[in-house]
Every structure is written in C-alpha cells, then in structure tokens.
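Visitor: I am new to this one. Please show it to me, and I will ask as we go.

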Amino acid sequence: MSWYSEYLREIESAIEDQRRRIAIWRATSTIMKNKYNVLRSHPNIETIAKRIREVKIWSIDHLDELVKRAKDAIEDSGGYAYIARTSEEAIKIACKIVGEGKLIIKSKSMTCSEIDLDEHLIKKNNIIVETDLGERIIQLRGEKPSHIVVPAVHVPKEDVAELFSRITGRKLPPDIYILTQVAREMLRKYFMEADVGISGANAIVAETGTIFIVENEGNARFVTNAPPVHICIAGFEKIVPEMRDACDITTILAPYATGTVMPSYVSLITGPSKTADIELTPVVGVHGPKELHVILLDNGRTKMASDPQFKEALYCIRCGSCMNECPIYQVIDGTFGHKYFCGIGAIWTAFTSNDLSRAAAMAFTCTLCGRCTLACPLEINIPEMIISLRRVLIGKNLIASPHRTMVKNIIRFGDPHGAYQKYI
Ligand code: SF4
Ligand code: SF4
C-alpha cells in the first residue's frame, strides 16, 4: 500500500470515530477558552512572548556556541553532559547509562518519543513506566499520543474507567476524580522503587546548565528526584542564554499550553543532589539523584538552524496552542501527525525523522489557513514553511496521487477537475 493510501485509511477511520471527535472538541475548546481568559486578564504574557521570540532568534543563530556553553556549565555543576548528533547516538548513550534489567520511570518527553528511546530500552530488558497520567493511559492502551501537551486527549473517561478497572480488578465508575486517585495509587510504588528517572526539559540555561521542567501533576518531580540516576534528554533548541530567558519561557508556557496562569510546578535542576553538611566535606547524592546525565540532541536541528526557510520551526516551545486551534486537528487529531503534530509537526517530522513520506502526508493535509500562526505565542509562520516544505517534497516526487491528477488536469484542460467540469 502506498504512503498516501495508508494515510487516507487512517484519516477515514479517525473521522468515523464520533466519540473521539467529541473528546477532542471538549478538551481543545476548554483549553482555548481558558487561554483567552488568561491572556485577557494578564496582557503582559503577550509582551513576554514577544521578548522570547527575540531570544529564540538570537539563540538559534548562535546554536553551536550555546550548546558548548551549556555542556561546559552542566559539567561544572557536577553533571555529565553529552552531545548526540543523531538519534542513534542518543540511544546508545542512554542505553549505556541505564544498562539492563532496570526499572525506569519517565516523565513526558517529546524528545524521547522522537528517537523511539523506549523501544530500545525495552529490548535491553528494562521496564519503563510512564508517570504523566495521559502518557500512562496511552502506554497501558498500547497507543501513541495524539497531542503534545495532553497525550490522551482522545480517550473518553468511560474508556479510562474500563482500562483502570481491568488493571485493578475493581469496577471503577467513569468519575474523573476517582480515576485520578486510582492512577496516584498505581504509580506511587514505582516512584520509590525505580533505578533511573528519564525526563525531557522545557529549557536549559547555557550560563548555568540549569534544566527547567514545567508540569502540573508533580510526577516529573519524582522522576527527577527519587531514583539514584536522572537522565535528561533535550534538543539543542531548548538551550537559551540566561536564567531570565528560561523563566520567561516558563511564564508563557502554561497560559498557551493549558490556559492556566502558572504551572503547579517548575523544577530547576543544576547538577546532582549534594551536601557539605558534615565537616564541610562535599558529598554527591543525598535525597536526590547521585548522577545527572544530560544528553543534548541534534538529530537534524543544526541542519534546520542553517536553513533560512525552516529555522523558525526551532523557535517552537511546544505549547500545543497551534494544535488546539487547527481546524484539521479538530477532525483527525493525532492522525495529522507522526511524533509531532499539525503544520509545525510536518516541519519537525521532515528534519528529525527518516519518514519523509509522513512529512509529505502532513504537509499536504494542511490547508494553509494560518490559524496556527495567530495562535502561536512565538508567531511562527507555519504556512510559509509548509509551502517551502511542499516544494522540497515535490522535488523528491512525494506528492499525493489526487494532487498529481489535478496538476495533469490543469495542464490538459485548464481545470483541476478535468474535462468533466467543462460539460456541467
Ligand atoms: S495552516 Fe495548517 S497547520 Fe495551521 S491551522 Fe491551518 S490547517 Fe492547521
Ligand atoms: S508552533 Fe507555536 S503554538 Fe505550536 S507548539 Fe510551537 S510554540 Fe506552540
């Protein structure tokens, strides 16, 4: 089956799933309503977003310098820092640190999903437990996330109740409060028993090597604090020059991502856990991890940064606001994606994945309506990049068959619908 026919079947089955449509619509419309309320009551957020755009422009233009500074700062603070040029390199580094037969707890990380880290760790007999509630639901259902901020956005509460009932052996009602408490009970033991915690990062400060992690559930705090080893995997684009820049990213993330003024938790991690409380003798590893490993991932980012047509995609702070507003996402949700979603996801897929046909499917699904750009705190011009990407894809003969037919019809009949149209 061709990539296009396969994609078409996925779209058809996504459209047919009415319960899924309702779940997506409920979630995204609530987030959008809350976002606009927060932006109205806190007009300074948009001013901060404009400053962050300037910071991102500078940072992406000085990517090599920032990566080097971040690596040095992480090492100066007692952590281990690695530069992985490819996904394979990152996987190799992570697998070597983890070893075999370990219990790993994870907090939500798009970068881990980008490189398919889980499946490589599982091959080494490691057990992985996702601790973000949405990610855990997806993991237990054996599915892929359908949104970068709310990965289980497509799963109705009735299905979560059925899933948790099966696991716990108790008949649970579709009551969101009860289900959340059950998730808390189910996950707690893993937090205390895990050998390794793996997280992503929302920002990394080049000046100090500080990792910023933004969350609401509190699971990332356990992941980065309870096990003796913490591995953080972050793309180059997460590095910003100074603390103030990372703080500003934190300030705009929650309003655009979830429609709240501030996230419940912002963790700042600089080096491993340490003390000098006994005779002022420094010792590493007290209540937090003894080892902090930070893997800084390139995987196509340097190439993106050097291409004036696409470097703007690196300004993305992964807030998901564009997805909530995208009319296509409302209808087919995660099908309009791969590991990253919607128009911005098409650009990311083209640069970070080996599957260019999926990037083509996404690029030709976008209607170029521009709602994503209006919704984006960084004002990223997604339609313009999609047009550039289409040119690249056409050059590689990656064009869907109906488009090819339309082009032929225009050339032959001067009409995309062909000769038939002439006789209507
Ligand atoms: S331009 Fe494309 S990605 Fe953006 S909102 Fe419209 S359809 Fe969605
Ligand atoms: S493109 Fe903009 S709106 Fe979409 S996730 Fe990135 S920063 Fe957020």
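Visitor: Is Cys322 buried or exposed?
Guide: This is a predicted model: local features need pLDDT of at least 70, side-chain atom pairs count only at pLDDT 80 or more, and totals for chains, interfaces and linings use all residues. Residues are numbered from 1 along each chain as its sequence is written, chains are lettered from A and ligands numbered from 1 in the order in which they are written, and side-chain values use heavy atoms, with hydrogens and water left out. Buried means under 20% relative accessible area, exposed over 50%, and partly exposed in between, with a 1.4 Å probe and protein chains only. Cys322 has 11% relative accessibility, so Cys322 counts as buried.

Visitor: Which helix does Cys322 lie in?
Guide: Helices here are DSSP runs of H or I with at least four residues, strands are runs of E with at least two, and both are numbered from the N terminus. The helix that holds Cys322 spans residues 321-325. Its name is α14.

Visitor: Which residues surround ligand 2?
Guide: A residue counts as near a molecule or strand if one of its heavy atoms lies within 4 Å of it. Cys322 is one of the residues around ligand 2.

Visitor: Where does ligand 1 sit?
Guide: On a 1 Å grid over the protein atoms alone, a cavity is a set of points where a 1.4 Å probe fits but cannot get out. A molecule sits in one if more than half of its atoms lie within 2 Å of its grid points. Ligand 2 sits in the second largest cavity. Ligand 1 sits in the largest cavity.

Visitor: Which helices each supply at least two residues of the shell around ligand 1?
Guide: That shell includes Pro327, Ile328, Arg371 and Cys372. It divides into 8 nonpolar, 3 polar and 1 charged. The helices asked for are α15 (327-332) and α18 (371-375).

Visitor: Is Ile380 buried or exposed?
Guide: At 2% relative accessibility, Ile380 is buried.

Visitor: What is phi of Glu379?
Guide: Most residues other than glycine have a negative phi. Glu379 is in the loop between α18 and α19, and is partly exposed at 39% relative accessible area. Its phi is positive, near 55°.

Visitor: Which loop holds Asn299?
Guide: Asn299 also has a positive phi, about 45°, although it is not a glycine. Its relative accessible area is 10%, so Asn299 is buried. The loop is the one between β12 (291-297) and α13 (301-305).

Visitor: How far does helix α4 reach from its first C-alpha to its last?
Guide: The expected span of a helix is 1.5 Å times one less than its number of residues. Helix α4 covers residues 63-76, with 14 residues. Its reach is close to the expected 20 Å: the value is 20 Å.

Visitor: Why do the buried residues of α4 line one face of the helix?
Guide: Leu63, Leu66, Val67, Ala70, Ala73 and Ile74 are buried in α4. Asp64, Lys68 and Asp76, on the other side, are exposed. The arc is that of the directions from the helix axis to the C-beta atoms. The buried residues line one face because, seen down the axis of α4, they fall within an arc of 135°.

Visitor: What distance separates the C-alpha atoms of Arg184 and Asn219?
Guide: Arg184 is in helix α10 (residues 176-193). Arg184 and Asn219 are 35 residues apart along the chain. Their C-alpha atoms are separated by 9.6 Å.

Technical notes. On a 1 Å grid over the protein atoms alone, a cavity is a set of points where a 1.4 Å probe fits but cannot get out, and a pocket is an open set with protein on both sides within 12 Å along at least five of seven lines; lining residues have an atom within 4 Å of a point. Ala, Val, Leu, Ile, Met, Phe, Trp, Tyr, Cys and Pro count as nonpolar, Asp, Glu, Lys and Arg as charged, and the others, Gly among them, as polar.
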